[in-house]
Amino acid sequence: MSLQDYLDSKYGKSKSKKRDKSLKPKPKSSIQKPTKPAKPENATIYRDLSGNVLSHEEMLEQQRQKSQQEKQKAKEASEKLRNMNLPEVTQTATKRVAPPSYVDDPLLAFSPDKVKSLQKDRYISQTGRKLYKSSFPDNRFSIMPGYRWDGIDRSNGWEQKVFKTTALRQEKKVLSYTMQDDY
């Protein structure tokens with residue numbers, strides 16, 4: 001028994017070895033395309049407000065009309081506001097509402113009014129911290145010491161040397177300029 005006979009007997013196919021002519025592939029030119037696609041059972045059904053069934057194209061047209069109407073209404077409203085041109089309307093539209101200020105807000109220290117009042121009091125920083133009240137040695141950055149500084153200069157003297165050398169250079173420049181002879 002051949003393999004083909006075994007398969008034919010097992011799966012109920014005919015025992016003839018001839019092929020069925022209907023199983024041959026047809027040429028592409030003879031295949032006809034359907035003119036209208038079949039509607040699937042689960043296709044979306046569109047309805048208008050009254051409940052009438054709409055096609056997809058009709059539904060899209062209704063959406064376009066609705067969006068055009070909304071654009072037209074918005075355009076008319078903006079033109080109406082422009083034509084009013086009342087100073088009260090324009091001022092209220094452009095005025096910004098200031099947020100409420102709180103007493104504990106740390107950013108209040110940087111408001112212009114607060115900064116001016118803090119500058120009057122020399123011994124309080126812009127952030128509201130206390131500063132050292134007595135005299136102190138200069139530094140490169142003109143930073144005042146904190147209010148708890150004990151007044152003892154613990155530097156190695158480097159900054160004093162820098163200040164001294166820059167002062168000498170400036171003095172030499174001034175002297176060399178003034179000592180020049182005018183011809």
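The accessible surface of the chain comes to about 18,600 Å², and 54% of that surface belongs to carbon and sulfur atoms. The model is predicted.

**Exercise 1. The chain as a whole**

Describe the secondary structure of the chain, its order and its buried share.

*Solution.* 
Step 1. Count the elements: the chain has five helices and two strands.
Step 2. Read them along the sequence: the pattern is α-β-β-α-α-α-α.
Step 3. Take the burial: of the 183 residues in the chain, 5% are buried.
Step 4. Turn to the contacts between residues at least 6 apart in sequence: 3% of them join residues at least 24 apart.

**Exercise 2. The aromatic pair**

Find the aromatic pair in the structure and classify its geometry.

*Solution.* 
Step 1. Two quantities are needed, as a pair of aromatic rings is described by the distance of the centres and the angle of the planes.
Step 2. The structure holds one aromatic pair. Its rings belong to Tyr132 and Trp149, with centres 5.0 Å apart and planes at 70°.
Step 3. Compare with the cut-offs: centres must lie within 6.5 Å, and planes over 60 degrees apart count as edge-to-face. The pair of Tyr132 and Trp149 is therefore edge-to-face.

**Exercise 3. Burial of the two rings' residues**

Decide for Tyr132 and for Trp149 whether the residue is buried, partly exposed or exposed.

*Solution.* 
Step 1. Buried means under 20% relative accessible area, and exposed means over 50%.
Step 2. Tyr132 has 13% relative accessibility, so Tyr132 counts as buried.
Step 3. Trp149 has a relative accessible area of 23%, so Trp149 is partly exposed.

**Exercise 4. A charge and a ring**

Which ring does the charged end of Lys130 sit over?

*Solution.* 
Step 1. The ring is that of Tyr147.
Step 2. The charged end of Lys130 is 5.2 Å from the centre of this ring.

**Exercise 5. Two further loop residues**

Describe Ser142 and Met144 in the loop between α4 and α5.

*Solution.* 
Step 1. Begin with the backbone: most residues other than glycine have a negative phi. Ser142 is not a glycine, yet has a positive phi of about 55°.
Step 2. Ser142 lies in the loop between α4 and α5, and its 63% relative accessibility makes it exposed.
Step 3. Met144 is also placed in the loop between α4 and α5. With 26% relative accessibility, Met144 counts as partly exposed.
Step 4. Met144 and Tyr123 are 21 residues apart along the chain, and their C-alpha atoms are separated by 9.2 Å.

Note on methods
Residues numbered from 1 in each chain as written. Predicted model: local features only at pLDDT ≥ 70, side-chain atom pairs only at ≥ 80, totals over all residues. Heavy atoms only, no water. Phe/Tyr/Trp six-rings, centres within 6.5 Å; stacked < 30°, edge-to-face > 60°. Buried < 20%, exposed > 50% of the residue type's maximum accessible area, 1.4 Å probe, protein only. Lys NZ or Arg CZ within 6 Å of the ring centre and 35° of its normal. Helix = DSSP H or I, 4+ residues; strand = E, 2+ residues; numbered from the N terminus. Contact = heavy atoms within 4.5 Å. Areas by Shrake-Rupley, 256 points an atom, 1.4 Å probe, with all protein chains shown as cover.
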